[in-house]
Amino acid sequence: MLDLEPLCFSSDCPSRALFDQIADKWSMMVLAVLDDGPQRFNAIRRRLQGVSQKALTQCLRRLERNGLIAREVMSLSPVAVQYQVTPLGRTLQEPLRELHNWTLVKLPDVTAARQTFDATGSGTTGADRSLLQSFA
């Protein structure tokens, strides 16, 4: 079990804000896409089906601000911008790969758990429903 300081769960804890930013689904996917090498904005957007331009822009800015990716302006006509993972960002890619692998391996278990939960009326047992009805 992890031995975490109670302050880690405080809303004031800087690690909580950083975790929220790097554990965001788009951040994780952007880092995965950039694992293949530098990419331009539209190439990243094409790979991430469903991401809006605004959400991707905000995500890239957060990742750049946190030092996980670098933005490079290329002097082409028209001017182009590409993004790449920084050395700090590379240290995060392996744990993210492991997490992604876990989702693929454990998806059947999670699907079964969801089906069981859904089949039992939102996860409540008969005793739970009786107890809840007694308070109604």
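**Figure 1. The hairpin of strands S2 and S3.** Strands S2 and S3 form a hairpin, with five residues lying between them. As in every view described here, the coordinates come from a predicted model. The pairing of S2 (residues 69-74) with S3 (residues 80-85) is antiparallel and runs over six bridges. Ile69 has Val85 in S3 as its bridge partner, and Ala70 stands opposite Gln84 in S3.

**Figure 2. The open sheet.** Three strands make up an open sheet, in which the order is S1-S3-S2 and the pairing is antiparallel. Strand S1 (39-40) and S2 are the edge strands, each of which pairs on one side only.

**Figure 3. The protein as a whole, as a setting for the close-up views.** The protein contains six helices and three strands. Along the sequence, these elements follow the pattern α-α-β-α-α-β-β-α-α. Of the 136 residues, 22% count as buried. The protein exposes about 10000 Å², of which carbon and sulfur atoms supply 57%. Among contacts with a separation of 6 or more, 42% are made by residues 24 or more positions apart.

Figure 4. Leu56, Cys59, Leu60 and Leu63 are the buried residues of H4. These residues cover an arc of only 100° around the axis, and therefore they lie on the same side of H4. Lys54, Arg61 and Arg65 are exposed on the other side of the helix. The buried residues of H4 pack against H2, H3, S2 and S3. Just after H4, Gly67 takes a positive phi of about 80°.

**Figure 5. The largest nonpolar core.** In soluble globular proteins, nonpolar side chains tend to be buried together. The largest nonpolar core of this protein has 20 residues, and those with the most contacts inside it are Val30, Ile44, Leu48, Leu56 and Leu60. Two or more residues of this core come from each of helix H2 (25-33), helix H3 (41-47), H4, S3 and helix H5 (87-119).

**Figure 6. Gln58 and Ser27.** Gln58 is placed in helix H4 (residues 53-65), whereas Ser27 lies in helix H2. The two residues are 31 residues apart in sequence, and their C-alpha atoms are 9.8 Å apart in space. Ser27, by contrast, counts as buried because its relative accessibility is 0%. Leaving aside residues up to four places away in sequence, Ser27 touches Gln21, Ile22, Cys59, Arg62 and Leu63. Of these, Cys59 and Leu63 are among the buried residues of H4.

Notes. Residues are numbered from 1 along each chain as its sequence is written. This is a predicted model: local features need pLDDT of at least 70, side-chain atom pairs count only at pLDDT 80 or more; totals for chains, interfaces and linings use all residues. Side-chain values use heavy atoms; hydrogens and water are left out. Helices (H or I, at least four residues) and strands (E, at least two) are DSSP runs, numbered from the N terminus. Two strands pair if DSSP finds at least two bridges between them. A nonpolar core is a set of buried Ala, Val, Leu, Ile, Met, Phe, Trp, Tyr and Cys residues joined through side-chain atoms within 4.5 Å. Buried means under 20% relative accessible area, exposed over 50%, partly exposed in between (1.4 Å probe, protein chains only). The arc is that of the directions from the helix axis to the C-beta atoms. Contact means heavy atoms within 4.5 Å. Accessible areas come from the Shrake-Rupley method with a 1.4 Å probe; for residues, only the protein chains shown count as cover.
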